[in-house]
Amino acid sequence: MSIEPANLTAQMQHRAAGNPPSTLPAAAISNCFPGLEFDFRNIWRRIFEGIELHEAHGLVTATTNALSRLRGLELVEAAGERTLVEVRGPTPTDPDAVLDASFIEWSNALAGFLRTSAGQAVTCRFARPPANPNARRDATPPIVATAELVVRPLFAHSDVTDGPTGLIDEAIAQPGELTQSLCSPWQNDYRECGCYYWAASRPDYVNRESTPQGPSIGNDWMARSYDPKVYHEPDSGGDPEQFSYEDLFDDWQGLLRFIVGGQDSE
Amino acid sequence: MIAELRILPPLAIARFGAAPTPMDNYEAVVDPARPLGYRALRPAETLEVDAATGEIARTFVPDRLSFTQDGLVRPVAPFLEVWALTDAGQLEPLTIELLRGEGATPDDVRWSVAVANRKAERRTHDPRDRIAAAAEVADHARHPLRGTCEHFWRGKSIPFGHVQYVKPTAAHPEIRLRFTPGAGHVYGASRVAPPGGPRIPNVVDVVYDGSRGGWLGHVDSTNDITVPGGIYYGGADPSGESRGYLDDGCDGIVRASVRLGARTLTAVGRIGAGPPTYAPDAVPIRSVDDELEQALLGPEVQPGDATIERVEEIVRRAFETVRLMNAAAMNRGGMAGHDRAYGRTGPIMARSLVDDVAVENLHQSVLVALRSGSAPWFADVLRDYDEVGDLTDRGRRKMPAMMRGADGLHLALTRRQANLIRALVRGPVFPDADGEQP
Amino acid sequence: MRSRISRHLGLVLGSAPQDDAALDESLTITAPGEAPLLPSELSGRDYAIFLLRLAAEVEHALMVQYLFTAYSLGAPGLAAGQQAEVRAWQETILGIAKEEMAHLITVENLLTLLSAPLNFNREEFPHDTVLYPFEFKLERASLRALAAFVCAESPARWPNVPEEQEIKELARQDAGAPVNRVGRLYAELARVVGDRTLLADGDFDADTVAFQATWDEWGRGYREGERGAEPMSGFPELLAPELLILHARSRAEALAAITEVGEQGEGADLPADGDQSHFLRFLAIYRGMKRLGDGVGVRPLAPNPTTDLDGPDVPRPQGPAPEFPATAITHGEARLWAHLFNVRYRKLLVNLSHAFELADDPGEAGRLTPRGALIHRTFSEMYNLRAIAGRLVALPVDAADPGGPRAGPPFQIPHTLMLPPDEVGRWRLHRDVLDAAAAIVLQLRATGSPDGADYLAALAQMDAIERGQLELLIAGRVAARRGAPTP
């Protein structure tokens with residue numbers, strides 16, 4: 001058994017003997033708001049040397065002394081890629097009005113230059129955060145500072161192959177930082193989101209069956225009782241028919257069911 | 001000669017559970033005869049480690065899979081293997097024999113593990129709220145990872161599980177470490193030393209000293225709070241004050257060092273512990289693997305990267321999420337509800353289209369068509385990464401639909417995933433006569 | 001069959017192709033104060049329905065012919081640059097076909113608005129009226145075929161197109177007669193629908209809107225035109241299709257729909273939003289193929305492929321032999337795929353027509369009709385048609401000539417497109433079609449051919465799932481009819 005040292009995806013996806021597939025990064029949700037296994041947004045906080053970014057938006061939370069002028073500003077452009085997008089939608093008078101602006105996730109925002117510019121300086125532009133955090137944002141705020149910042153390689157370097165390895169470099173995140181912005185305790189995340197983008201880890205609608213009327217019936221995964229098959233809406237820990245936070249803290253192992261083939265399993 | 005060591009996988013995920021026996025190994029495979037069905041879970045070769053000796057007592061394929069044991073969840077406890085980059089220019093597992101070639105033995109291997117839970121620290125910005133554990137391992141005993149914190153009551157800790165250097169044997173000569181995570185328990189806080197106060201329900205132990213640390217009673221208020229904010233337990237108290245709850249989740253770094261004569265080679269890997277995969281036959285549509293692949297290879301795809309199989313896997317994952325959610329309900333709530341922050345109310349899709357049977361049929365039909373080898377056609381319905389804030393009717397209906405991304409807006413695939421699909425869309429509509437996609 | 005249609009038309013329009021300008025005049029001739037010209041035996045409302053049903057057939061036929069021509073493109077073996085250009089033509093024509101599908105749905109909406117019978121058929125109408133562009137035929141891409149498409153979508157007066165005469169002549173050769181422009185039909189529709197003396201305001205029944213199709217349901221993320229021209233996601237150099245799925249509650253909305261649909265076809269100028277009409281898009285492809293060479297990148301598909309070994313399914317009129325005879329598909333595996341294609345085509349039409357029978361009734365809170373499933377399954381069959389066409393264009397049409405012309409999608413119309421009058425019968429019809437498909441899939445899988453085997457396995461599973469759902473629906477409807485509580 002051997003692997004090409006340059007084949008990094010094969011290394012990252014390597015199933016060590018005895019490891020089930022749930023041990024692999026492919027089993028971990030990453031459209032993380034904030035996530036379950038990791039808040040993977042944390043890998044971008046130190047992607048520029050000399051500054052630390054907020055995991056979810058442009059705020060510069062820490063800097064070296066030399067770059068202290070950037071602290072408290074927001075990164076709005078890097079290597080020509082904008083980190084803010086307009087939020088658009090209809091208003092009573094305009095079917096396609098600008099409603100607001102929002103930072104887009106780092107992973108896609110930085111992807112255009114991350115690999116090609118690793119170890120090199122790129123031009124970063126910064127703006128002042130809005131004075132009123134609740135006010136509507138501008139997607140192209142005035143630039144108040146510009147800096148040439150070196151893109152820190154995300155992956156550790158191999159001196160032997162003189163290239164990246166599949167390891168997220170130690171300089172990127174210290175122990176505890178990949179999970180630091182997740183819910184505390186983790187059970188909270190099973191209760192509060194109301195948007196099921198992580199059905200693989202946290203199913204929503206199970207034991208479904210078709211009905212003579214067309215649409216199906218099924219169980220709400222978080223329901224206390226699975227009989228009869230009723231879906232409880234909205235998802236809420238305050239609904240006596242659904243598990244509460246406290247139920248999960250006390251006995252998540254006894255209450256939550258593994259779902260295989262869409263049906264209860266054990 | 002060994003030039004370099006690596007730990008594979010470089011990022012291993014453990015999953016909580018209090019059952020004594022870790023989860024068995026399995027495969028989740030698409031049955032070619034039932035390509036629209038769920039991935040079939042098939043038991044696979046499992047390593048059973050003797051707790052006392054650290055040796056692999058036996059390998060076996062279980063008769064059936066069970067994710068629980070006597071009402072408790074079986075933890076997922078990954079192995080981390082050390083691989084060696086040799087003169088042959090290939091990575092291969094580090095074994096007794098390879099070590100012997102260097103004049104070394106498994107006793108020359110040292111492991112060091114450092115993990116932490118910084119959830120409280122992230123909110124309070126007080127480093128004394130960091131819960132950290134470390135282990136230095138030179139033998140094959142179980143080494144507990146006791147999470148300690150300056151603000152814990154005296155003698156209190158949170159067990160983050162344990163690590164064990166699996167003892168290589170003739171039958172299993174590879175160098176590996178196993179990480180077994182914590183049980184997934186909740187830990188509490190108090191302002192008077194336990195057991196002085198009344199028992200706090202919900203928690204297995206009271207560890208945090210709220211008279212010294214700020215986590216008990218904390219309220220998110222700084223300008224760098226987590227997004228979303230306030231995601232800690234505050235009970236029914238409308239003040240949003242933290243009850244000081246903590247968990248035994250953690251992530252950290254594993255280091256394996258081997259003394260080879262005058263040289264010491266070190267390999268590094270990462271571990272994390274999180275909740276179980278409650279639908280183990282489903283894979284998230286956008287996973288950590290997709291992020292890593294994009295970071296590694298860039299958003300642009302090379303000829304040959306884009307295959308029907310890759311696109312089918314993306315669609316399959318979407319299907320796996322869709323059929324575990326109540327699409328009709330999500331169309332009313334879920335992302336539709338989150339859009340209210342921007343003044344958009346009302347459902348996302350036409351009501352008739354989110355009948356969940358119909359939604360399932362739709363995703364199935366896309367999978368069926370891809371199986372014909374004809375190119376995908378649905379690039380125009382994909383949400384681009386910079387369209388996540390498009391809340392027009394059309395923007396909200398793009399795919400993946402009714403899901404949330406890391407920015408809190410509508411989910412987009414990674415740019416690389418989207419480009420994989422687009423590259424095939426641009427390609428020939430039909431495979432050539434020989435059935436091969438060029 | 002033909003006479004019952006054309007006898008109405010001759011009175012209004014004449015039956016012999018005439019000079020374009022003269023024809024356009026004849027459509028609008030009414031002396032001041034005179035009653036508008038109507039075909040004998042027809043009322044104004046009736047005539048509007050007649051024209052809409054004709055429009056439905058024209059849009060349906062154009063869509064199918066465009067699809068066939070698009071599928072013929074992409075023969076392997078081109079240089080990379082040429083391959084990309086031919087691929088862009090193909091995508092452009094597929095986009096136009098999608099827009100024709102939207103036109104068809106809009107026309108069915110207008111029929112619904114007039115409480116008229118819908119028309120999903122294609123072969124009820126004569127091909128020798130001035131309102132029909134050319135005789136229906138399935139042919140691979142060529143300068144002649146493209147010329148016919150250009151003419152069919154052309155405006156009354158062409159903009160400055162140096163090749164105008166050359167294209168018209170090629171189109172005439174292709175069609176065997178001058179090609180009529182579809183725009184004329186829409187102009188006549190606009191005249192009739194806009195005339196209060198022909199249709200009363202009360203003829204436009206706003207209550208039918210719950211039965212009409214909407215872009216919300218059928219638009220699939222394609223643009224509705226709200227932001228003007230946009231590039232295609234996969235082909236940034238091309239404009240994304242714009243699906244004009246328009247519903248109407250009144251005469252004004254009906255007229256607006258007719259105008260928009262007409263303009264998307266024949267627009268001669270670049271509109272302000274940068275969109276291109278079908279006319280201009282086909283013209284660009286014509287010019288491209290002329291530059292690369294007639295037939296470059298075209299698969300050698302046989303014309304008018306059919307599973308009927310004796311020739312076309314529908315008897316042809318007396319007269320000179322058509323220039324494009326039908327080609328019987330005799331190659332065994334190709335025949336099976338062709339039969340499967342026809343069944344899926346039928347399934348598409350059954351799904352589509354059934355969807356118009358079920359209202360999207362917001363009054364039924366929390367209670368969904370299976371209308372959404374029918375809509376999704378209509379798209380599902382479009383994907384299937386594409387997938388099966390991919391097999392057909394790779395297989396020989398003639399068992400005796402394995403290296404000869406390839407088969408292609410036959411698009412044969414089923415024996416009936418009438419829907420049963422009640423839901424039980426309709427769901428049973430769906431089941432019948434699935435069963436017919438299952439039998440063919442079984443035969444195809446028995447050939448042991450590895451090509452398409454994965455697809456057939458997946459298709460069989462999908463159909464089995466749907467069949468289970470149909471059985472439930474049928475049982476539920478039967479029980480409801482008997483007044484029993486549904487199981």
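User: What share of the contacts in chain B with a separation of 6 or more comes from residues 24 or more positions apart?

Analyst: Two residues are in contact if their C-beta atoms, placed from the backbone, lie within 7 Å. In chain B of this predicted model, residues 24 or more positions apart supply 65% of the contacts with a separation of 6 or more. The model is predicted, so local features need pLDDT of at least 70 and side-chain atom pairs pLDDT 80 or more, while totals for chains, interfaces and linings use all residues. Residues are numbered from 1 along each chain as its sequence is written, and chains are lettered from A and ligands numbered from 1 in the order in which they are written.

User: Is B:Ala279 buried or exposed?

Analyst: Count the other C-beta atoms within 10 Å: 20 or more is buried, 12 or fewer exposed, in between partly exposed. B:Ala279 has 29, so it is buried. Of the 438 residues of chain B, 60% are buried.

User: Where is the place of B:Ala279 in chain B, and which residues does B:Ala279 contact beyond four places in sequence?

Analyst: Helices (H or I, at least four residues) and strands (E, at least two) are DSSP runs, numbered from the N terminus. B:Ala279 is in the loop between β20 (263-274) and α3 (288-297) of chain B. Beyond four places in sequence, its contacts are A:Ala199, A:Ala200, A:Pro203, A:Ile259 and B:Leu324.

User: How many residues does each chain bring to the contact?

Analyst: Chain A brings 122 residues and chain B 134. On the side of chain A that touches chain B, helix α4 (residues 245-255) gives the largest share, seven residues.
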